[in-house]
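Please open the structure in your viewer and keep the selection tool ready. The stops below are taken one after another.

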Amino acid sequence: MTKPGRADRVRRGVASLLLALAAQAATLSAQAPATRLNPDALSRPTGYSHVAISPDGRTAWISGQVALDSTGALVGAGDVRVQAEQVYANLQRALRAVGADFHDILKTTTYLVDASRIADVRAVRARWYGDAAPPASTAVIVPALFNPAWLVEVEAVVAIPVPPAEAATRTIRALNARYDTAMLVRDTAMLASLLAPEFVTVHPGGVSETRAQAIASLSRGDVRMTTGGSDSVEVTLLGPDHAMVVGRFTGRGTARGKPFRLRERYLGVWARRDGRWWLVREQGTALP
């Protein structure tokens, strides 16, 4: 049996490790440069960019769009409805520059000179959004915009869509790390949520375990990992619903009370069913 409080210490150690990794990732992300775009379909900006993309490539900020065409000429002088049409056409061009559309907008801010014309702007907005759920939104009535001829301006914050293959790869990496965590903290519920009913693992010594046996072994504490984690993890998609993970696991622990050090190269096969990824097979090979 483990000493009282040891499981808590392990959990705290794993939590500290995860926080350290998260901090490292945040630091690396902060060091990466933001991307700034000025699509050709929009007017040439002076002293600013039409679009700025976060270093992680997941969020875009679109500068306030006004009723200017690509040459910088005003469209719809004195007509707020016509200007609103041009504003939303410009928003669409900015969205397309980052592979997004109106349903990807998280938040808009609308600046309007005449409060009595907000219904006109809303009608135009509804047509451009179509069936997309409206985003969070703020409307601000102002005495004037930068150019007195401009009657309406709209800026937006956008969640950039992740390509399906990239999204699947990120998900599998996260689940692979969750599997390591389950083993370290001996969380049988977490482990069970990852393993397919037909799961089989083959250990470096050639001993195999079914899903039920793996969960029971973790519950009994036959093998207790005190430290450990994966590195050199590579995910290969084998079509839309299958993937292979290859990585290296290094750790220390005890097996039936005897200390050991584990170094293995592992291969895992994942399958997606009903929108969820499951680990169906794992095989480890001992490393020197």
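A residue is called buried when its relative accessible area is under 20%, exposed when that area is over 50%, and partly exposed in between. Please keep in mind throughout that this is a predicted model.

Begin by selecting strand 4 (residues 105–112) together with strand 5 (residues 136–141), which run parallel and are joined by 6 bridges. Within this pairing, T110 has A139 of strand 5 as its bridge partner. If you then follow the chain from strand 4 through helix 3 (residues 118–129) to strand 5, you trace a β-α-β crossover that is right-handed.

Next, select D120 and R81, which form a salt bridge whose closest N and O atoms are 3.4 Å apart. This pair links distant parts of the chain, since D120 lies in helix 3 and R81 in helix 2 (residues 80–97), 39 residues apart. D120 is buried, at a relative accessible area of 19%, whereas R81 counts as partly exposed because its relative accessibility is 38%.

Now move to R273 and E198, where the closest N and O atoms of the salt bridge are 2.4 Å apart. R273 is partly exposed at 35%, and E198 is partly exposed at 39%.

Finally, select D222 and R220, which form a salt bridge with the closest N and O atoms 2.6 Å apart.

Conventions:
Residues are numbered from 1 along each chain as its sequence is written. This is a predicted model: local features need pLDDT of at least 70, side-chain atom pairs count only at pLDDT 80 or more; totals for chains, interfaces and linings use all residues. Side-chain values use heavy atoms; hydrogens and water are left out. Two strands pair if DSSP finds at least two bridges between them. Helices (H or I, at least four residues) and strands (E, at least two) are DSSP runs, numbered from the N terminus. A crossover is right-handed if, with the strands pointing away from the viewer, the path from the first strand over the helix to the second runs clockwise. A salt bridge is a side-chain nitrogen of Lys or Arg within 4 Å of a carboxyl oxygen of Asp or Glu. Buried means under 20% relative accessible area, exposed over 50%, partly exposed in between (1.4 Å probe, protein chains only).
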